[in-house]
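Open the model in a viewer and follow the stops below in order. Each stop says what to select and what is there.

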Amino acid sequence: MTVIMRLIALVISVFLFLPMGAVPEKIEKQDAENCLLSATVLSDLHMESNSRERHQRIGGVLQAAKQADNDVLLLLGDNTMNGQMIETMFVYGLVSRNFSRNEVISVPGNHDLDSNDENMVSHEMLVDRFVRMRNGFFADDGDKIYFSREVNGYKFIVLGGEGRTGADGKQILSDEQLDWLESELALAKESGKPCFVLNHYLVYGRNGGRSYAAFNIADNNDRLTEILENSGVRTFYFSGHSHYGVNFDSVQTTGNVTYINLPSTGNGGNYDPANEACGDTGIGMQMEVYEDRAVLRFRNYLTEEWLESFDNYVFTLN
């Protein structure tokens with residue numbers, strides 16, 4: 001069934017996205033010979049089944065990201081607008097057309113897991129579907145919404161909402177999941193290498209006003225923050241969800257943790273963009289990891305341009 005679904009999704013992707021014009025330019029690394037790990041990071045694609053414009057936009061971004069010759073593509077959640085299976089097949093078909101199974105790490109977002117008028121099933125059923133589709137299209141990362149995976153010897157830790165609280169709609173991270181996170185970071189510390197934590201939601205109190213303004217900040221936030229910042233591991237925490245355009249709060253370091261919040265690649269930065277270009281659709285990030293440094297660069301994959309003033313964050317390692 002999984003093989004059939006993959007084939008159907010790939011066929012559908014041909015009709016969703018027919019490339020027009022020249023092939024996007026190659027995305028050059030700063031020092032390709034010494035780069036140990038490279039990734040494209042995208043968030044909030046918000047694939048909609050009835051939006052031809054969204055199909056073309058997401059297809060163009062993925063086609064451009066392919067030109068970076070990455071080790072991994074990181075999708076930070078809200079891959080779909082309504083959590084529908086057909087939307088998942090649309091977006092995963094486009095991803096699979098450009099990246100192999102082992103090159104993709106997919107994070108769940110609230111739009112992927114929330115019941116709504118378009119997708120009237122329980123949160124538990126949506127979690128189960130997300131895990132099955134994630135494992136079917138990409139590498140098998142186990143039966144939980146959260147997992148870890150190594151890429152080129154570097155640990156990636158994925159957090160996932162196990163539910164949402166009532167009126168305020170905060171993401172629920174259980175004590176079991178946070179215990180697991182603590183143990184994963186302890187293992188990462190033994191390696192002496194930096195690690196990468198991926199969650200759709202921001203950590204409350206980090207990344208400036210965007211974390212205060214964004215709804216659905218993680219429940220159990222104090223413990224999450226304590227675990228991250230007391231681990232002794234050089235950690236890069238990637239999130240989406242806010243839909244803020246890129247500005248100087250997008251990347252913030254507190255102690256051993258650098259918090260990176262990405263805008264919506266599919267919708268653009270709907271709130272407080274630093275300037276018009278920094279709120280456009282198509283924006284994601286290129287990451288390069290070297291022995292002594294990590295380099296983060298915001299890029300618009302549709303216009304094929306680096307974002308001025310946000311195109312060279314360099315962090316010393318070791």
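In this predicted model, begin with the open sheet of six strands, whose order is β4-β5-β6-β7-β9-β8 and whose pairing is mixed. Select residues 147-151 and 251-254: these are β4 and β8, the edge strands, and each pairs on one side only. Averaged over the sheet and with direction ignored, neighbouring strands are turned by 20 degrees against each other.

Show Thr-253 and look for its bridge partner in β9, Thr-258.

Now turn to the helices on the sheet. Select residues 175-191 for helix α6, which touches β4, β5 (154-158), β6 (195-198) and β7 (235-239). The direction of α6 makes about 170 degrees with that of β5. Then select residues 221-229: helix α8 also packs on the sheet, where it touches β6, β7, β8 and β9. The angle between the directions of α8 and β9 is about 125 degrees.

How many cavities of 30 Å³ or more does a search of the whole structure find? There are two. To see its lining, select Asn-79, Thr-80, Gly-83, Thr-88, Tyr-92, Asp-112, Leu-126, Arg-129, Phe-130 and Met-133. Helix α5 gives the most to this lining, with four residues. By class, the lining has four nonpolar, four polar and two charged residues.

For the last stop, select the residues around the second largest cavity, among them Asn-110, His-123, Arg-164 and Tyr-201. This cavity holds about 30 Å³ of space, and its lining has two nonpolar, five polar and two charged residues.

Technical notes: Residues are numbered from 1 along each chain as its sequence is written. This is a predicted model: local features need pLDDT of at least 70, side-chain atom pairs count only at pLDDT 80 or more; totals for chains, interfaces and linings use all residues. Side-chain values use heavy atoms; hydrogens and water are left out. Two strands pair if DSSP finds at least two bridges between them. Helices (H or I, at least four residues) and strands (E, at least two) are DSSP runs, numbered from the N terminus. Axes are lines fitted to C-alpha atoms, for helices over the stretch in contact, and angles run from 0 to 180 degrees between N-to-C directions. Contact means heavy atoms within 4.5 Å. On a 1 Å grid over the protein atoms alone, a cavity is a set of points where a 1.4 Å probe fits but cannot get out, and a pocket is an open set with protein on both sides within 12 Å along at least five of seven lines; lining residues have an atom within 4 Å of a point. Grid points are joined across faces, edges and corners, and a volume is the space filled by probe spheres set on the points. Ala, Val, Leu, Ile, Met, Phe, Trp, Tyr, Cys and Pro count as nonpolar, Asp, Glu, Lys and Arg as charged, and the others, Gly among them, as polar.
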